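Subject: Structure handover

Hello,

Here is the structure we talked about handing over. Please look through it first; my notes follow below.

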Amino acid sequence: MLSLKESLKILKETNALIEGHFILSSGLRSSKYIQCAQLMSKPYQAKMFCESLAEKINNEFPDFDLILSPAMGGIIIGYEIGKLLKKETIFSERVDGEFKLRRNFKINKNSKVLIIEDVITTGKSSLECAKLIKSNKAISIGYACLIDRSNGNSQIKNKIVSQVELDIPTFTKDNLPKELMSIEPVKPGSRNI
């Protein structure tokens, strides 16, 4: 498994960990942003991240049937983990602002489903996936991600298995630190708010 130091080195080398003033998909603000698309665009380095995460998932969730990932950020990670763990992998997409299964994807009744995405901050996308699993009368067994930056403040009450936990403070628009007030905010995420 990759250590925290090795993981951070890879994130920086791939330009996946960037600094500035960012509007997260949750609406919160941050001075750092994890752009996992940059990590995943370098397959050799992403492979090391995914192999390490797959090992952790296998230790924590040895028995499940299906991986469900939220589009857009979770698709590649879900696929890579599915390939490593030999599990079927599907993804949900937003239709009129709500996650739905499309492309003839199905969640079978009573199947055990693991939710995997790139970054968890508030847990909103993962919890929307959990609702989708429940509506298909299946069982959500847990959550996994490459980066857990929730700092324990996610709405997810279950354990989150992650390759890296990062303590990156977030702020509301009305409670910005001085250093962020002077920087024009950028909205790099895939979800429009």
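Two strands count as paired if DSSP finds at least two bridges between them. Strands β3 (residues 66–70) and β4 (residues 88–95) pair in the parallel sense, over 5 bridges. Within that pair, L68 stands opposite I90 in β4. Bear in mind that this is a predicted model.

The sheet

β3 and β4 belong to an open sheet of 6 strands. The order is β5-β4-β3-β6-β7-β8, and the pairing is mixed. β5 (98–101) and β8 are the edge strands, each pairing on one side only. On average, neighbouring strands are turned by 25° against each other, direction ignored. Helix α5 (residues 124–135) packs on this sheet and touches β3, β4, β5, β6 and β7. The direction of α5 makes about 165° with that of β6.

Now the β8 end. β7 and β8 pair in the parallel sense, again over 5 bridges. C145 stands opposite S162 in β8. Is β8 enclosed or open to the outside? Of its 6 residues, 5 are buried, so β8 is largely enclosed by the rest of the structure. Yet β8 is an edge strand of the sheet.

The cores

The largest nonpolar core has 31 residues. Those with the most contacts inside it are L39, F49, I57, I81, L146 and I147. Several elements supply at least two residues each: α1 (4–13), α2 (36–40), α3 (43–60), α4 (74–85), β6 (112–120), β7 (139–148) and β8 (160–165). Which element gives the largest share? That is α3, with 6 residues.

F49 deserves a look. Leaving out residues up to four places away in sequence, F49 touches L2, S7, I10, L11, L39, L146, I147, Q163 and V164. A second, separate core has 17 residues, including L66, I115, I133 and I156.

The α3–α4 contact

Two packed helices are described by the angle between their axes and the distance between the axes. For α3 and α4, the angle is about 65° and the axes are 10 Å apart. α3 passes α4 in a right-handed crossing. From α3, the residues in contact are C50, E51, L53, A54, I57 and N58. They meet E80, I81, L84 and L85 in α4. By class, this contact has 7 nonpolar, 1 polar and 2 charged residues. I57 and I81 take part here, and both are listed among the residues with the most contacts inside the largest core.

Over to you.

Best wishes

Terms used:
Residues are numbered from 1 along each chain as its sequence is written. This is a predicted model: local features need pLDDT of at least 70, side-chain atom pairs count only at pLDDT 80 or more; totals for chains, interfaces and linings use all residues. Side-chain values use heavy atoms; hydrogens and water are left out. A nonpolar core is a set of buried Ala, Val, Leu, Ile, Met, Phe, Trp, Tyr and Cys residues joined through side-chain atoms within 4.5 Å. Buried means under 20% relative accessible area, exposed over 50%, partly exposed in between (1.4 Å probe, protein chains only). Helices (H or I, at least four residues) and strands (E, at least two) are DSSP runs, numbered from the N terminus. Contact means heavy atoms within 4.5 Å. Axes are lines fitted to C-alpha atoms, for helices over the stretch in contact, and angles run from 0 to 180 degrees between N-to-C directions. A crossing is left-handed if the near helix is turned anticlockwise from the far one by less than a right angle, and right-handed if clockwise. Ala, Val, Leu, Ile, Met, Phe, Trp, Tyr, Cys and Pro count as nonpolar, Asp, Glu, Lys and Arg as charged, and the others, Gly among them, as polar.
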